[in-house]
Every structure is written in C-alpha cells, then in structure tokens.
Amino acid sequence: MKLSLSRRYLFSASHRLHSDQLDEAENRRVYGKCNNPFGHGHNYVVEVTITGPVDPATGMIANLSELDPYVNEHVLEAFDHKFLNEEIPEFRAQVPTTENVCIEIFRRLKNFPAARLQRVRVEETGRNSFEYQEDA
Amino acid sequence: MIRITRKMEFSASHLYHNPDFSPEENRRIFGKCNNPHGHGHNYVLEVTIAGEPDPATGMVLDLKELKEIMEREVGDRMDHRFLNHEVPELAGQIPTTEVIAATIWKLLEPKIRRGKLDRVRLYETPDLFVDCTADEPGGPQ
C-alpha cells in the first residue's frame, strides 16, 4: 500500500488580479471584483502532502518537527500578512491567482529533504480550492 | 466507477516511544508525543470503496454494511482505548497516524466483499491526516 501524509497550514494575504497583457476594460471584465486596484484579502489554507517510506524506528514518513519549520521558513513567513503582488517577487511578473500561488508554493517546497512532495492544495476560501502536483 | 465514502469518529490515546532510543533521543524526536502518560485525539476515519453499482440494489456496497464493518474492525478495537497497550495489531509499533492508517487498511481490506477498498483517510486532527491507498494494480502488498 501507499501512504501519504498531509498537513494543513494557514496564511492571510491580499492580492489583486490584474494582467499587463489585458487593457483596463478587459481586466475588469475578466477579473471582476478581484481587479479592484486596492486589492483584497483571503485566509488561505495550504495543504501539503508528502509521500515516502515509513521509517520503522519512528513510524513516520517525516517528522512534523521538520516539515512545520520548513513550510514556515519557505512559505508562511514570506506570504503571511503580505500583499502578494508587491511582496512576493515572482508575482511582479505573474498574476497571483490561486493557480499561480499553488504552483509557486509547490516550487518553494519541492526540495524538502525528508520526504517527497506529492501535492500542494490551496483553498482560497471555503468554497474553492486548487491542486498542483508534478507529473510522475 | 463510483466511489462511496463513509466517515466515523473514534477517540483514543497514545504515546510515541521507541525503546531502542535513549530517553533524550525519544524526547528530541517525538517531542510532546513522548509524554509517558500518553495523550488523546478525536480521530476521524474516512473509508472509500470503489466499484460498480449492483443493478439490483443500485449500490456499490450497502453503507449500512460498511458502517458495521468499520464499527466492528475499528471502533470496537480502538475507540476509547490506549492504542499502545490495548490494540494487539499495533503492539511493538509506534502508533503514528501513518501506522494506524496502514493497520486499519489491513483490517478492513479482507472484509470488503463488494467493491474494492480504495482509500483509508485518517485525521488525527483537522490539520493532519494520512491517506492509505492501494499500490497499482492489485491491492496492498
């Protein structure tokens, strides 16, 4: 059988959906309220899933005492209580939709040394979520 | 193919301790989970069965039967128990969420007579869960 472990984290941040490749009217049409020039915020949930063999000595795929600080250092400290468009360099050239947030979080976590990163799932609100995993 | 999922809750205590480690190592690796008196969780178990509906009943597997299997195999064994000492299937292992989920898979898998056990998801807390799924193809090794 295969085992994976998933851990959920929370961060709060603001963003504005606006594409330089679209004109003002198109931006308003495509992004609607999310195009408000002052931005708006969400409580994001990040669900991180790792896989790998269970160490018989610990019964664990990876110790949360390693995963939690890694996620904290590589994602949460950078994202929590920030304006994503301005304060995350990758989103200066890219619209911070939750699709792109999800991919960026995966990129930042994929070198976690203790297990293989399988999936990152981001809930922007309680009613929508986005998942990213690299093709095997 | 259809997947059906049944959820149940059980409450149990455990502690993490490896007798091959020194007391200091146990505390360093397992942290608060190494407290010798144990501590508890409200575990939430989701069991998913995959299969085709029986044309006569419209069901993959009667959820009532699945509920009874889960209560008998998991609830009766683990609910309101100290997992380290009272569950023979966990004896000699560290009852992490990974190990409990794999144990539940092994308990349930032979009992499912219609459809196939597709996934066991075990939440230790709302923010931590383990998924156990079959190796493709042909079930667990």
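Trainee: Where is A:His81 found?
Mentor: A:His81 is in the loop between α2 (64-79) and β3 (82-83) of chain A. Keep in mind that this is a predicted model.

Trainee: What about the phi of A:His81?
Mentor: Positive, about 60 degrees, although A:His81 is not a glycine.

Trainee: Is A:His81 buried or exposed?
Mentor: Exposed, because its relative accessible area is 63% and the cut-off for exposed is over 50%.

Trainee: And in chain B, where does B:His80 lie?
Mentor: In the loop between α2 (63-78) and β3 (81-82) of chain B. B:His80 has a positive phi of about 60 degrees and is not a glycine. B:His80 is exposed too, with a relative accessible area of 65%.

Trainee: What area is buried between chain B and chain A?
Mentor: About 1800 Å², with 55% of that from carbon and sulfur atoms.

Trainee: How many salt bridges across it?
Mentor: The rule finds 0 between chain B and chain A. For polar contacts, the count is 9 residue pairs, both residues at pLDDT 80 or more.

Trainee: What does β5(B) join to in chain A?
Mentor: Strand β1 (residues 2-15) of chain A, through 6 bridges. The two strands run antiparallel.

Trainee: Which residue of β5(B) stands opposite A:Lys2?
Mentor: B:Thr133.

Trainee: Now A:Ser6. Where is its place?
Mentor: In strand β1 of chain A.

Trainee: Buried or exposed, that A:Ser6?
Mentor: Buried, because its relative accessible area is 1%, and buried means under 20%.

Trainee: Which side chain does the side chain of A:Ser6 make a polar contact with?
Mentor: That of A:Thr49, at 2.7 Å.

Trainee: What else is A:Ser6 in contact with, leaving aside neighbours within four places in sequence?
Mentor: In chain A, the contacts of A:Ser6 include A:Glu47, A:Val48 and A:Arg119. From chain B, A:Ser6 is in contact with B:Asp127, B:Leu128 and B:Phe129.

Terms used: Residues are numbered from 1 along each chain as its sequence is written. Chains are lettered from A and ligands numbered from 1 in the order in which they are written. This is a predicted model: local features need pLDDT of at least 70, side-chain atom pairs count only at pLDDT 80 or more; totals for chains, interfaces and linings use all residues. Side-chain values use heavy atoms; hydrogens and water are left out. Buried area is the accessible area (1.4 Å probe) that two parts lose on being put together, summed over both. A salt bridge is a side-chain nitrogen of Lys or Arg within 4 Å of a carboxyl oxygen of Asp or Glu. A polar contact is a pair of N or O atoms within 3.5 Å; within protein, one must be able to donate a hydrogen and the other to accept it, and residues adjacent in sequence count only if both atoms are side-chain atoms. Two strands pair if DSSP finds at least two bridges between them. Helices (H or I, at least four residues) and strands (E, at least two) are DSSP runs, numbered from the N terminus. Buried means under 20% relative accessible area, exposed over 50%, partly exposed in between (1.4 Å probe, protein chains only). Contact means heavy atoms within 4.5 Å.
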